[in-house]
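I am opening my notebook to record what I looked up in this structure, entry by entry.

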Amino acid sequence: MTTTDCVFCRILNGDAPASVVYRDERAVVLLDLFPVREAHCLVIPVAHHALLEELEPELAAHLFELARRTIRAQKRAGLDVKAHNVVVNDGREANQHVPHVHLHVIPRRGGDTLATALTWGTRMMNVFGLSKRRHRLDRLAGLLAEHFPGTESSKY
């Protein structure tokens, strides 16, 4: 796969739309177009790496720090969040659909296990209403961005 074939590389290069919550020189946090739960985010390195083992330790640590900050933003934004799943599907046999490292940060409410399991298995089947979905995701990305902990001397 080349980076021009990678949907995440196209997003990172500005060639495909995305609802971005946060971006720095090493990574981006964006909302999943096919969310398992509302505010399901992806943390993606800017550099194309197919597998977690290919990452430098500092970049891997940065991605997990951004996952932690994403969790904080979801809670600060007042979403109905009680817990999170942080998931890495590492390789095709592990259900990695896009061969570019990415962490799923999935907010959980409690009592939503069955709905989450059903949505996870069928989430990419619903391609209808993408423009309406994109509008909702863009609004939600703006809300999360307002509450995303910064790197300046604030405590996060």
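**Entry on the largest pocket.** I began with the largest pocket, which holds about 340 Å³ of space. For the term itself I noted that, on a 1 Å grid over the protein atoms alone, a pocket is an open set of points where a 1.4 Å probe fits, with protein on both sides within 12 Å along at least five of seven lines, and that lining residues have an atom within 4 Å of a point. The volume is the space filled by probe spheres set on the points, which are joined across faces, edges and corners. I then noted that this is a predicted model, in which local features need pLDDT of at least 70 and side-chain atom pairs count only at pLDDT 80 or more, while totals for chains, interfaces and linings use all residues. Residues are numbered from 1 along each chain as its sequence is written, and side-chain values use heavy atoms, with hydrogens and water left out.

Which residues lie nearest the centre of the largest pocket? I found Phe 8, Asp 32, Phe 34, Leu 42 and Val 98 there, in a lining of 23 residues. The lining divides into 13 nonpolar, 7 polar and 3 charged residues, where Ala, Val, Leu, Ile, Met, Phe, Trp, Tyr, Cys and Pro count as nonpolar, Asp, Glu, Lys and Arg as charged, and the others, Gly among them, as polar. The largest share of this lining, 3 residues, comes from α1. Here helices (H or I, at least four residues) and strands (E, at least two) are DSSP runs, numbered from the N terminus.

**Entry on Phe 8.** Leaving aside neighbours within four places in sequence, Phe 8 is in contact with Leu 42, Ile 44, Val 98, His 100 and His 102, contact being heavy atoms within 4.5 Å. Phe 8 and Ile 44 are 36 residues apart along the chain, yet their C-alpha atoms are separated by 7.8 Å.

**Entry on the second largest pocket.** The second largest pocket holds about 230 Å³ of space. Of the 10 residues that line it, Glu 38, Arg 133, Arg 136, Leu 137 and Leu 140 are the closest to its centre. By kind, its lining divides into 4 nonpolar, 1 polar and 5 charged residues.

**Entry on the sheet.** Next I looked up the strands, which form an open sheet of 5 with the order β1-β2-β3-β5-β4 and antiparallel pairing. Why is one side of β1 and of β4 left without a neighbour in the sheet? I saw that β1 (20–23) and β4 (83–87) stand at the edges, so each has a single partner strand. Two strands pair if DSSP finds at least two bridges between them. Strands of a sheet pair through backbone hydrogen bonds, either parallel or antiparallel.

I went through the pairs in turn, and found that 5 bridges join β2 (residues 27–31) to β3 (residues 41–45), with Leu 30 opposite Leu 42 and Ala 27 opposite Pro 45. Another 3 bridges join β3 to β5, where Leu 42 has His 104 as its bridge partner and Val 43 has Leu 103. Between β4 and β5 there are 5 bridges, and Ala 83 stands opposite Arg 108.

**Entry on burial in the strands.** Is β3 enclosed or open to the outside? I noted that 5 of the 5 residues of β3 are buried, so this strand is largely enclosed by the rest of the structure. On one side of β3 these are Cys 41, Val 43 and Pro 45, and on the other Leu 42 and Ile 44. For β5, 6 of the 6 residues are buried, so β5 too is largely enclosed.

**Entry on two loop residues.** Last, I looked up Ala 39, in the loop between β2 and β3, which has a positive phi of about 75 degrees although it is not a glycine. Ala 39 counts as buried because its relative accessibility is 3%. Asn 95, in the loop between β4 and β5, has a positive phi near 75 degrees, and at 35% relative accessibility Asn 95 counts as partly exposed.

How values were computed. Buried means under 20% relative accessible area, exposed over 50%, partly exposed in between (1.4 Å probe, protein chains only).
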